[in-house]
Amino acid sequence: MSKVKSSETVKVVIRCRPLNRKEEAAAAFVTRTPGGVGGIVEMDMRLGQVVLRNPRSPPGEPRKAFTFDSVYDPSSKQRDLYDETVRPLIDSVLDGFNGTIFAYGQTGTGKTYTMQGAWLEPERRGVIPNAFEHIFTQISRSAADRQYLVRASYLEIYREEIRDLLDPNVHLRESPEMCHLSDGTLNGCPDSLWSLKIPWRVS
Ligand SMILES: Nc1ncnc2c1ncn2[C@@H]1O[C@H](COP(=O)(O)OP(=O)(O)OP(=O)(O)O)[C@@H](O)[C@H]1O
């Protein structure tokens, strides 16, 4: 697995999930079709590269290579992804720095699996439960006179609507006029939105 360079502020990592049954069948069909060239996905862990060829492209068309800080192939393990890519970020958060992990991708590409995974199966636990374990283990090992404050919020932003998933009764809406408070503050803003710096109003 390629190692994420620790000096960079923003790292972009790609993970490809295994094909599901439907996709496997479709891939087998394309490869069997006379004249069909099949889609090609090559992943070079060392170079952090994904190389693609459009299955409909004419023979001889050059493949396209995309380079990332790290690539994780379909056989990659939750624990490896955590240890190599997430652990250094959480360590820096425990040292007092800000850190964000942002999962982005088309529907069904594996964001939930990577971030959440299967909580009850240690090998399939994703970033969130692994980060909780990491943070609370670190806290339990720290000096008795050292205090930590851990705050958690769980928000969904979907089509301009912000939902507090820990309190379904609160409906929040992004509000441009809230940006212009004279003292530049967002009075009464819930903690969760402070950290996102989202102007809000309750609807
Ligand atoms: N790395 C992986 N290994 C094994 N199965 C995976 C992996 N990634 C995703 N899957 C499986 O693929 C399916 C789709 O994944 P998931 O639900 O995480 O996608 P998603 O990006 O969160 O989708 P949506 O945006 O629609 O919520 C699930 O059944 C999930 O268990």
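Tutor: We begin with contacts: two residues are in contact if their C-beta atoms, placed from the backbone, lie within 7 Å. In this protein, among contacts between residues at least 6 apart in sequence, 48% join residues at least 24 apart. The model is a predicted one, in which local features need pLDDT of at least 70 and side-chain atom pairs count only at pLDDT 80 or more, whereas totals for chains, interfaces and linings use all residues. Residue numbers start from 1 along each chain as its sequence is written.

Student: How many helices and strands are there in the protein?

Tutor: Helices (H or I, at least four residues) and strands (E, at least two) are DSSP runs, numbered from the N terminus. Here the protein has five helices and nine strands.

Student: What percentage of the residues of the protein count as buried?

Tutor: A residue is buried if 20 or more other C-beta atoms lie within 10 Å of its own, exposed if 12 or fewer, and partly exposed in between, with C-beta atoms placed from the backbone. By this criterion, 11% of the 203 residues count as buried.

Student: Which residues of α2 are buried, and against which elements do they pack?

Tutor: The buried residues in α2 are Gln78, Leu81, Tyr82, Thr85 and Val86. Their packing partners are β1 (13-15), β5 (70-72), α3 (111-115) and α4 (127-141).

Student: At which residue does helix α2 bend?

Tutor: The bend at a residue is the angle between axes fitted to the seven residues ending there and the seven starting there. Helix α2, residues 78-94, bends by about 50 degrees at Val86, and Pro88 follows within four residues. Val86 is also among the buried residues of this helix. After α2 comes Gly96, which has a positive phi near 105 degrees.

Student: Which elements flank the loop that holds Pro74, and is Pro74 buried or exposed?

Tutor: Pro74 lies in the loop between β5 and α2. Pro74 counts as exposed because it has 12 C-beta neighbours inside 10 Å. Not counting residues up to four places away in sequence, Pro74 touches Cys16, Arg17 and Pro18.

Student: Which residues are around the ligand?

Tutor: A residue is near a molecule or strand if its C-beta atom, placed from the backbone, lies within 6 Å of it. Around the ligand are Arg17, Pro18, Gly105, Thr107, Gly108, Thr109, Gly110, Lys111, Thr112 and Tyr113. The shell then divides into two nonpolar, six polar and two charged residues.

Student: Where does UniProt place the feature "binding site"?

Tutor: UniProt positions are given in the numbering used here, feature names are shortened, and annotations may be inferred rather than shown by experiment. The unreviewed UniProt entry places "binding site" at Gly105, Gln106, Thr107, Gly108, Thr109, Gly110, Lys111 and Thr112.

Student: Why does Gln106 count as exposed, and why does Lys111 count as partly exposed?

Tutor: Gln106, in the loop between α2 and α3, counts as exposed because it has 7 C-beta neighbours inside 10 Å. Lys111 belongs to helix α3, and it counts as partly exposed because 17 C-beta neighbours lie inside 10 Å. Leaving aside neighbours within four places in sequence, Lys111 is in contact with Ala103 and Gly105.

Student: In which helix does Ile135 lie, and with which residues is Ile135 in contact?

Tutor: Ile135 lies in helix α4. With its neighbours within four places in sequence left aside, Ile135 is in contact with Ile90, Leu94 and Val150. Ile135 is partly exposed because there are 15 other C-beta atoms within 10 Å.

Student: How many bridges join strand β6 to β7?

Tutor: Two strands pair if DSSP finds at least two bridges between them. Four bridges join β6 (residues 155-158) to β7, and the two strands run antiparallel. One of the pairings is that of Tyr158 with Glu161 in β7. The two strands form a hairpin with two residues between them, and Arg159 in the turn has a positive phi of about 50 degrees.

Student: Where is Asp167 placed, and why does Asp167 count as partly exposed?

Tutor: Asp167 is in the loop between β7 (161-164) and β8 (171-174). Asp167 counts as partly exposed because it has 13 C-beta neighbours inside 10 Å. The C-alpha atoms of Asp167 and Leu155 are 9.5 Å apart, with the two residues twelve apart along the chain.

Conventions
Nonpolar A, V, L, I, M, F, W, Y, C, P; charged D, E, K, R; others polar.
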